[in-house]
Amino acid sequence: VFGTITPHHLHVTSTDLLGNGLRPEYYCMPVVQSNKDRAALIQAAVSNNPKFFAGTDSAPHLNGAKYASIGCAGCFTGLHAMELYAEIFEKYGGKDWERRLENFTSHYGAECYDLPLNRGRLTLRRQEWEIPHAIRSSAPNRTHSKYAIRPFRAGQKLRFKVC
């Protein structure tokens, strides 16, 4: 048995989703759970156990669908998934967190599915940056905010940047 772990499930809980009013940008399936459940997911992610690996499940729903009376489930993390994972691994992964992060994001999933490892590389730099409040659609005549996408943790700062 293998399992993917999304970056958003490592960062938020049901209190973040529902605590001071509904935050649709944190609504996903399965729904985020308690601090205890989040801690168990973090422990599994940083454990260096090859049965757990990254799966972003990124869902770039347009605001018009996400913030509707029956909103779409899913968090848009594709813009900054590596940075989100890096923050968790740095905080909870111990002295060899970088190796654990690489295994979790680059090796274990490929090995599970018997796929070749990616030959490309990326670099994470310690660089604070703010997640944009919205990604605007490039489609013509789609300037209204309902055609934008709100990234997970929009407006918040991250400590790492992929370069």
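This is a predicted model: local features need pLDDT of at least 70, side-chain atom pairs count only at pLDDT 80 or more; totals for chains, interfaces and linings use all residues.
Biologist: Which residues touch the most other members of the largest nonpolar core?

Modeller: Leu10 and Phe89 do, in a core of 15 residues. A nonpolar core is a set of buried Ala, Val, Leu, Ile, Met, Phe, Trp, Tyr and Cys residues joined through side-chain atoms within 4.5 Å. Buried means under 20% relative accessible area, exposed over 50%, and partly exposed in between, with a 1.4 Å probe and protein chains only.

Biologist: Which elements give two or more residues to this core?

Modeller: Helix H3 (35-46), helix H5 (81-92) and helix H6 (97-112). H5 gives the most, with five residues. Helices (H or I, at least four residues) and strands (E, at least two) are DSSP runs, numbered from the N terminus. Apart from this core lies another one of 11 residues, among them Val12, Leu17, Val32 and Phe152.

Biologist: Back to Leu10, what does it touch?

Modeller: Leaving out residues up to four places away in sequence, Leu10 touches Ile5, Arg38, Leu41, Ile42, Ala45, Tyr85 and Ile88. Contact here means heavy atoms within 4.5 Å.

Biologist: Which residues of H3 are buried?

Modeller: Arg38, Ile42, Ala44, Ala45 and Val46. They pack against strand S1 (3-5), helix H1 (7-11), strand S2 (52-54), H5 and H6. Just after H3, Asn48 takes a positive phi of about 65°.

Biologist: And in H5, which are buried?

Modeller: Ala81, Glu83, Leu84, Tyr85, Ala86, Glu87, Ile88 and Phe89. H5 has 12 residues and reaches 17 Å from its first C-alpha to its last, close to the 16 Å expected at 1.5 Å a residue. The expected span is 1.5 Å times one less than the number of residues. Just after H5, Gly94 has a positive phi of about 80°.

Biologist: New topic. Is Asn63 buried or exposed?

Modeller: Asn63 counts as buried because its relative accessibility is 15%. Asn63 lies in helix H4 (residues 63-66). Not counting residues up to four places away in sequence, Asn63 touches Ser145, Lys146, Ala148, Ile149 and Arg150.

Biologist: How many cavities of 30 Å³ or more are there?

Modeller: One. The largest cavity holds about 50 Å³ of space, and its lining includes Glu25, His61, Tyr67, Cys75 and Phe152. On a 1 Å grid over the protein atoms alone, a cavity is a set of points where a 1.4 Å probe fits but cannot get out, and a pocket is an open set with protein on both sides within 12 Å along at least five of seven lines; lining residues have an atom within 4 Å of a point. Grid points are joined across faces, edges and corners, and a volume is the space filled by probe spheres set on the points.

Biologist: How much space lies in the largest pocket?

Modeller: About 620 Å³. The pocket is lined by 20 residues, of which Met82, Glu102, Thr105, Ser106 and Leu122 lie nearest its centre. H6 gives the most to this lining, with nine residues.

Methods: Residues are numbered from 1 along each chain as its sequence is written. Side-chain values use heavy atoms; hydrogens and water are left out.
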